[in-house]
Amino acid sequence: MLGVRLKEKIAAGQPVLGLSIMFDAPALVEIAGAMGFDWVLLDCEHGALSVDRLEPLIAAADAYGVAAIVRPPDNSPETLLRALDRGAAGLQCPHVNNADDARAIVRAAKFHPLGQRGLAVGTRASRYGTMASVDAYTKSANRDTLICVQIEHQDALAHIEAIAAVDGVDVMFVGAMDLSQSMGLPGQTDSAEVQHAVDDALARIKASGRGAGTAGKPEAAKRRLLEQGVLYYYTHVTSLLGSAAAPYLALRRR
């Protein structure tokens, strides 16, 4: 249900703000929910999180009404299934370079007739088998699960419209860091060349009708959301802490 709320807001043109959590700390998820974040990114790709440890964090998200989106370490059907069976509201899948990559993700994340996700009814996602019927479970999962694909390599830039045309893709996220590296400019996300590529990709995603997403520092959210039409945006918990820490620590130098 929390995933479909994000999808509905994005479809209505409303921004949804998330917080990336890279640590095995359910309390951080609870804090994000209590503070009013729309979603949390549970990062199993770069973070110190494993798919096997997701369940307590997702349970914390559910309890506080914040959608838990999982970034898996890879896009194999087995890995995506494990994240979804633990009750993830959606997936943010890395390194999607073409339409075939996107179709494979949708196929692994959706039940028949939309895909071939493995079906079990004793999982947390199915409320441990207590839902009214298997049919109700598969239909609600297909409807509610948010699918975000990451555009983060220069090879993907030529395929944005084709990826956007894949049924089941809700959000296309531009990862500026990996994109800069693929362009031979690692970490130079403020360079004119990388910024042009990011801006062009976001504009084309918006024109395609899919939700456009990216990440950055807290103070950049307003500019990106209002000027570039980004609706799916997150910052890291460390960035949020750092933005508050700098003025606080400056007090001792006054």
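Helix 1 and helix 6 are oblique to each other, because their axes cross at roughly 40° and an angle counts as roughly parallel when it is under 35 degrees. In this predicted model, helix 1 covers residues 2–11 and helix 6 covers residues 134–144, and their axes come within 8 Å. Gly3, Val4 and Lys7 in helix 1 meet Asn142, Arg143 and Asp144 in helix 6. Sorted by class, this contact of helix 1 with helix 6 has one nonpolar, two polar and three charged residues.

## The barrel of strands

Strands of a sheet pair through backbone hydrogen bonds, and the pairing can be either parallel or antiparallel. Here eight strands close into a barrel in the order 1-2-3-4-5-6-7-8, with parallel pairing, and the twist from one strand to the next averages 25°.

One example of this pairing is strand 4 (residues 90–93), which runs parallel to strand 5 (residues 146–151) and is joined to strand 5 by four bridges. Within this pair, leucine 91 has isoleucine 147 in strand 5 as its bridge partner. Helix 3 (residues 54–63) packs on the sheet, where it touches strand 2 (39–43) and strand 3 (67–71), and the direction of helix 3 makes about 150° with that of strand 3.

## The largest pocket

The largest pocket holds about 700 Å³ of space. Its lining is made up of 27 residues, and those that lie nearest its centre are Ala176, Met177, Thr189, Ala215 and Gly216. By class, the lining divides into nine nonpolar, nine polar and nine charged residues.

Several elements supply at least two residues each to this lining, including strand 6 (171–174), helix 10 (192–208) and strand 7 (211–215). The largest share, three residues, comes from helix 9.

Conventions
Residues are numbered from 1 along each chain as its sequence is written. This is a predicted model: local features need pLDDT of at least 70, side-chain atom pairs count only at pLDDT 80 or more; totals for chains, interfaces and linings use all residues. Side-chain values use heavy atoms; hydrogens and water are left out. On a 1 Å grid over the protein atoms alone, a cavity is a set of points where a 1.4 Å probe fits but cannot get out, and a pocket is an open set with protein on both sides within 12 Å along at least five of seven lines; lining residues have an atom within 4 Å of a point. Grid points are joined across faces, edges and corners, and a volume is the space filled by probe spheres set on the points. Ala, Val, Leu, Ile, Met, Phe, Trp, Tyr, Cys and Pro count as nonpolar, Asp, Glu, Lys and Arg as charged, and the others, Gly among them, as polar. Axes are lines fitted to C-alpha atoms, for helices over the stretch in contact, and angles run from 0 to 180 degrees between N-to-C directions. Angles under 35 degrees count as roughly parallel, over 145 as roughly antiparallel, 65 to 115 as roughly perpendicular and the rest as oblique. Contact means heavy atoms within 4.5 Å. Two strands pair if DSSP finds at least two bridges between them.
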